[in-house]
Every structure is written in C-alpha cells, then in structure tokens.
Amino acid sequence: MKKQRIFSGIQPSGNLTLGNYLGALRNWVALQEEYECIYSIVDMHAITVRQNPQELRERSLLTMALYLAAGLDPQENIVFIQSHVPEHAQLGWILGCNSYMGELSRMTQYKDKSSRMGDSIPTGLFNYPVLMAADILLYNAHLVPVGEDQTQHLELTRDIAVRFNNAYGETFVIPKGYFNPFGARIYDLQTPEKIMSKSSQNQQGILFLLDDEKTLKRKISRSVTDSLGTISYNDHQPGVKNLLNIFALLRELSIEESLAYFEGKGYKQLKDGVTEAVLDSLLPLQKKVNELMDNRSYLEDLMLHGAQRARALAKVTLADVEEKIGFIPRRTDEYRD
Ligand code: TYM
C-alpha cells in the first residue's frame with residue numbers, strides 16, 4: 001500500500017526551542033517510518049519579519065543540522081530549504097487569489113504579531129498563512145504534524161483546499177493536523193500561561209535547544225512554580241504542570257508514572273529531575289549539531305538533493321493547478337535548470 005504523505009516545517013526565524021522539539025521535531029522523527037515525509041526549513045516564512053541576512057543563512061543551516069541531529073533521515077525523508085523550491089511562491093500567489101481578507105484578518109497569530117508593529121505591518125505577514133497552505137497543498141500532504149498554535153492555520157489551509165476543489169475540480173488532498181496530546185503546547189518557564197516561543201522578548205523562560213548546560217540549569221532552576229508546594233497535575237498549577245509535561249515527554253513516561261516518581265518530593269527535586277531529563281536529551285543533540293556544522297559541504301549537498309526531490313513533486317501539482325485555472329502550459333524545456 002502506498003504510504004500517506006506528511007509535510008511540516010519550522011521557521012529559521014530564531015533559535016529553536018524545546019517547544020519546537022517536543023511539539024514538532026520529535027514527532028516527525030517518530031513518523032518517518034510510517035509515512036512518506038517532507039520536512040522543510042521555511043525561510044520564506046521567516047522573512048515576514050525582518051531578518052539579518054547573515055544570521056538567517058546561518059540559522060537555516062543550523063536548523064538543517066538540528067533536523068538531522070534529532071534523527072531525521074535525509075534519504076528516507078525529503079528535507080529541504082523552502083526558498084530552493086520556487087513553486088511554493090508560485091502556488092502561494094494562486095491560492096492568495098482564492099483566499100479572503102476576512103479569513104486572513106481573523107488569524108490570531110497575525111493579530112498578535114501585527115499588534116506590535118504600528119503602521120508598518122508587512123503584507124507578507126498578513127499573507128503568511130496562504131504560503132503555509134501552499135507548502136502543504138503543493139505536496140498533497142495527508143497529515144501535518146504541528147503544535148497546537150498552528151491549528152487555525154491548518155483550518156484555513158483546509159478551507160482554501162476545499163474552495164479550490166469546488167471551483168476547479170478535485171485537485172488537492174484535504175490535510176489533517178497531527179498533534180501529540182502532551183507536547184502540543186510547551187509553556188514559557190517564566191510565564192507558564194504563555195506558549196514557549198522563539199520570538200518572545202524575555203528569553204529566561206525559553207529553553208533553546210542549543211543553550212549551554214549552565215544556561216539550561218539556570219533557566220530551569222528559576223522556573224516559576226507556585227506557593228502550594230505540592231506536585232500535582234492540574235490547571236491551577238500551570239508551572240508545575242508544564243514541568244511535569246516536559247519531564248514525562250523527555251523520559252517517555254506517562255503523567256501518572258511521572259507523578260509517582262516525584263511522590264513525596266518538593267519543587268527543588270522536580271526541577272532537578274527536569275534538568276537531568278533536559279540535559280540527557282539536549283547535550284547529545286548539541287554534540288551532533290556541532291559535528292554536522294563542521295561539515296558544511298555535506299549539509300549543502302543534502303540541501304541540493306532535498307530540493308531536487310521536493311521540486312520534482314511540486315512541479316506536478318503546480319502544473320495541474322495552472323492548467324485548471326487557465327494558464328497556458330509552460331514549455332518545460334525552456335525552464336529546465
Ligand atoms: P514555528 O516555526 O513557529 O514552529 C515550528 C513548530 O513548532 C511548534 N511549536 C510548539 N509546539 C509545542 N509547544 C510550543 N511551545 C511550540 N512552539 C512552537 C509549532 O506548532 C510548529 O509545529 N507556520 C509554522 C511553520 C510552517 C509550517 C508550514 C508548518 C510554515 N509552513 C507548513 C507546517 C506545515 C510556524 O510558524 O512554525
């Protein structure tokens with residue numbers, strides 16, 4: 001039986017966090033056997049907020065290294081840089097002509113980000129979810145493993161796909177989200193009501209995958225808990241709940257097993273337990289990232305290979321879409337690279 005297809009991506013817009021790892025990357029690794037997977041480093045999404053060019057290049061490469069270090073097999077999966085496959089932008093334009101101002105204005109991520117930008121809101125930020133829809137629909141992905149913060153964008157993708165299919169005939173697979181029930185939302189260690197995000201102002205509550213050992217220890221030991229002093233799993237103790245989630249996910253235990261592990265213990269021991277679990281996972285990951293970053297030509301070869309494979313698939317969908325909407329087919333030999 002033909003495997004179902006997966007697409008997902010992470011923006012190289014900042015350093016990757018434990019939220020990106022537990023909410024997305026680690027699940028991708030788990031899914032790579034069962035599905036045909038396409039994972040992208042979505043640099044075109046990153047530029048919806050102004051980036052330093054040199055840093056963007058470096059972070060894109062680092063993100064590639066992190067994908068591999070986390071266990072993604074670049075032969076089994078297609079791993080590529082979004083801007084290397086121009087069909088994303090091309091389909092993005094067409095889908096933009098099939099999406100509405102109203103639905104895009106309702107995106108909470110857009111409202112959040114634009115609220116801090118005064119009068120200078122880039123239109124790319126507004127159109128961002130259309131490009132995300134293009135990423136997914138270009139490959140006719142069945143499943144999109146993401147954290148819960150992406151739910152609304154996925155709904156919009158489905159709406160656009162259904163609309164297009166209704167107008168032009170069956171074209172796109174209607175994709176579904178895939179969420180890990182506990183990892184789908186990792187919260188900030190300082191403000192545990194807020195999701196841990198690479199773009200937050202205060203970095204003290206964010207565990208970056210490449211933070212050094214001392215920094216990780218400090219951030220976890222200073223994480224906000226509460227004055228109740230008991231380790232239990234409920235919404236009145238968001239800080240403790242978040243630490244338990246992190247512990248359970250990293251140690252691959254259930255919440256019950258984690259609660260049993262900390263039974264009769266205090267917050268200091270909880271934080272020590274989380275610290276150990278974080279270091280046990282991240283230090284080996286960091287070692288692999290460093291080794292890969294020392295071998296840039298290997299990473300660059302993989303990028304080229306990944307983009308060629310992604311493009312071969314993307315071209316087929318784009319050609320189908322262009323034909324359906326009435327463009328004259330391009331003479332492909334003139335455009336072959
Ligand atoms: P981005 O780069 O913000 O985040 C990458 C992935 O990490 C997840 N995530 C989290 N999960 C749990 N807890 C957290 N604290 C946390 N923070 C981030 C996100 O849900 C995401 O899965 N728009 C996307 C990138 C994208 C994309 C796509 C994803 C572009 N095109 C197509 C899937 C398919 C984004 O900004 O993710």
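Helices (H or I, at least four residues) and strands (E, at least two) are DSSP runs, numbered from the N terminus. The structure described here is a predicted model, in which local features need pLDDT of at least 70, side-chain atom pairs count only at pLDDT 80 or more, and totals for chains, interfaces and linings use all residues. Residues are numbered from 1 along each chain as its sequence is written, and side-chain values use heavy atoms, with hydrogens and water left out.

Asp149 places an N or O atom of its side chain 2.4 Å from an oxygen atom of the ligand. For Asp135, a polar side-chain atom is found 2.7 Å from a ligand nitrogen atom. Ile186 takes part through its backbone, with an N or O atom 2.7 Å from a nitrogen atom of the ligand. The ligand taken alone exposes 710 Å², and the protein buries 97% of that; these areas come from the Shrake-Rupley method with a 1.4 Å probe, and for residues only the protein chains shown count as cover.

Not counting residues up to four places away in sequence, Phe126 touches Met101, Leu104, Ser105 and Tyr110, where contact means heavy atoms within 4.5 Å. Between the C-alpha atoms of Phe126 and Glu193 there are 26 Å in space, and the two residues are 67 apart in sequence.

Attention now turns to helix H9. In H9 (residues 213–221), the buried residues are Thr215, Leu216, Lys219 and Ile220. They lie on the same side of H9 because they cover an arc of only 125° around the axis, the arc being that of the directions from the helix axis to the C-beta atoms. An α-helix has 3.6 residues a turn, so residues three or four places apart point the same way. The cover over the buried residues of H9 includes helix H12 (267–293). Ile220 itself has a relative accessible area of 1%. Leaving aside neighbours within four places in sequence, Ile220 is in contact with Leu189, Leu207, Lys271, Val274, Thr275 and Val278.

Two further buried residues belong to other helices. Glu87 is in helix H4 (residues 87–96) and is buried at 4% relative accessibility. Its side chain forms a polar contact of 3.1 Å with that of Arg311. Beyond neighbours within four places in sequence, the contacts of Glu87 are Leu138, Arg311, Ala314, Lys315 and Leu318. Thr63, in helix H3 (residues 53–69), is buried with a relative accessible area of 2%. A polar atom of the Thr63 side chain lies 2.6 Å from the backbone oxygen of Arg59, and Pro12, Leu16 and Ile41 are in contact with Thr63 when neighbours within four places in sequence are left aside.

The loops complete the account. Most residues other than glycine have a negative phi, and most peptide bonds are trans. Asn140, although not a glycine, has a positive phi of about 50°; its place is in the loop between H7 and strand S4 (143–145). Glu252, also not a glycine, has a positive phi of about 55° and sits in the loop between helix H10 (238–251) and helix H11 (255–261). Glu252 counts as exposed, at 67% relative accessibility. Ile47, in the loop between helix H2 (43–46) and H3, is exposed at 55%.

Technical notes:
A polar contact is a pair of N or O atoms within 3.5 Å; within protein, one must be able to donate a hydrogen and the other to accept it, and residues adjacent in sequence count only if both atoms are side-chain atoms. Buried means under 20% relative accessible area, exposed over 50%, partly exposed in between (1.4 Å probe, protein chains only).
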